[in-house]
Amino acid sequence: MSIAAIISPPLLRSLPATSPSSFPLTYSLKPSSFSLQLNVSPLRNPNFQFTVSAMSVTAQENLSPTSFLDNKETGFLHFVKYQGLGNDFIMVNNLDSMEPKVTPEQAVKLCDRNFGIGADGVIFAMPGCNGTDYTMRIFNSDGSEPEMCGNGVRCFAKFISDLNNLNGRQSFTVHTGAGLIIPEIQPDGKVKVDMGEPVLKASDIPTKIPPNKNESVVKAQIEVDGVNWNVTCVSMGNPHCVTFGTENQNLVVDEINLADIGPKFEHHTLFPARTNTEFVQVFSRSHLKMRVWERGAGATLACGTGACAVVVAAILEGRSERNCTVDLPGGPLEIEWREEDNHVYMTGPAEVVFYGSVQL
């Protein structure tokens, strides 16, 4: 079969020309002013019966998410891939139905970085409900469905803006599993999101750690892999366990073996719905650094709800002010927990990576 791609020079090096896949793929990336023909040998994978014979890379002008997604070819899923600080998502125009166009099992294959498109999740833009403009649903790379995703909702907002060819400052009301979320496109292209109020009641997060401050868990100790960790638990519509270190020392996050310790937190018996876990280093009262192990996705370059939970936890532990820059592996987010309305606000980028089609 053939794979055709429209690609911009900065993205060329990241597109695998010969990766085997269970899906025939057409990648259409941002337009540029060059053309390139690549010929590769036939490649087969016995598990997926996928064959690649050639790839064409050709510049096209006037390509947009709207025009690309207007293609109604039967049997194909047309998508746009976005990323927010390296947390990447396959965005699906699902505005004609409240039923996702992709099953959880298909989402797992689509998100596979070796045999699929590659992503941290699949996000569906659906019609609004309960008086909202839109509904957002997401399947993680393991097929599970989280209540919310902070980086995902920024990508969702940019996707909606691109679909409608909107310019300038725009805001939407979005129904999610975590309730009402209000993203706003800023004049500089970043997205500011009203993430609502953090949930601190232990039973609502949920966690089985005994509350130690009113009904909350703040700087409590739990044992993970034989080590006592100090943790604060927060829900931003999805559960988070935030730690600044063990009982003996503060964290240097770059020294954490995330692949080893992350799953042990995620599946700990004290978290009945599993948990996202943030490992945090404090540089100053307005500057934090975190690494995250996401429930259902593993180590990712960014987690928006996690960054929000980190600032809430830092304030509860007396480590930070209410406005903070949070450094993630993919870049910084600006987080504010406002005292006047108790809402958490997140500001950060969201960008198109490429457009594509995949046969389901």
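1. A quick definition to start: a residue is buried if its relative accessible area is under 20%, exposed if over 50%, and partly exposed in between, using a 1.4 Å probe and protein chains only.

2. Some housekeeping before you read on. This is a predicted model, where local features need pLDDT of at least 70 and side-chain atom pairs count only at pLDDT 80 or more, while totals for chains, interfaces and linings use all residues. Residues are numbered from 1 along each chain as its sequence is written, and side-chain values use heavy atoms, with hydrogens and water left out.

3. Now the overall build. You'll find six helices and 22 strands in the protein chain; these are DSSP runs numbered from the N terminus, with helices being H or I of at least four residues and strands E of at least two. Take the contacts (heavy atoms within 4.5 Å) between residues at least 6 apart in sequence: 62% of them join residues at least 24 apart.

4. On to the rings. The structure holds eight aromatic pairs. Rings of Phe, Tyr and Trp (its six-membered ring) pair if their centres lie within 6.5 Å; planes under 30 degrees apart are stacked, over 60 edge-to-face, and the rest tilted. One of the pairs is Phe79 with Phe354: their ring centres are 6.1 Å apart and the planes sit at 75°, so this one is edge-to-face. Phe79 belongs to strand β5 (residues 76–84) and Phe354 to strand β22 (residues 351–359), so the pair ties together parts 275 residues apart in sequence. Phe79 is buried at 0% relative accessibility, and Phe354 is buried too, at 7%.

5. Next, have a look at Trp229 and Phe279. With ring centres 5.9 Å apart and planes at 70°, this pair is also edge-to-face. Trp229 sits in strand β14 (residues 227–235) and Phe279 in strand β16 (residues 276–284), so parts 50 residues apart in sequence are tied together. Trp229 has a relative accessible area of 6% and is buried; Phe279, at 0%, is buried as well.

6. Finally, charges over rings. The rule here is that NZ of Lys or CZ of Arg lies within 6 Å of the ring centre and within 35 degrees of the ring normal. Arg322 lies over the face of Trp337, 4.7 Å from the ring centre. Arg338 has its charged end over the ring of Tyr345, at 3.9 Å from the centre.
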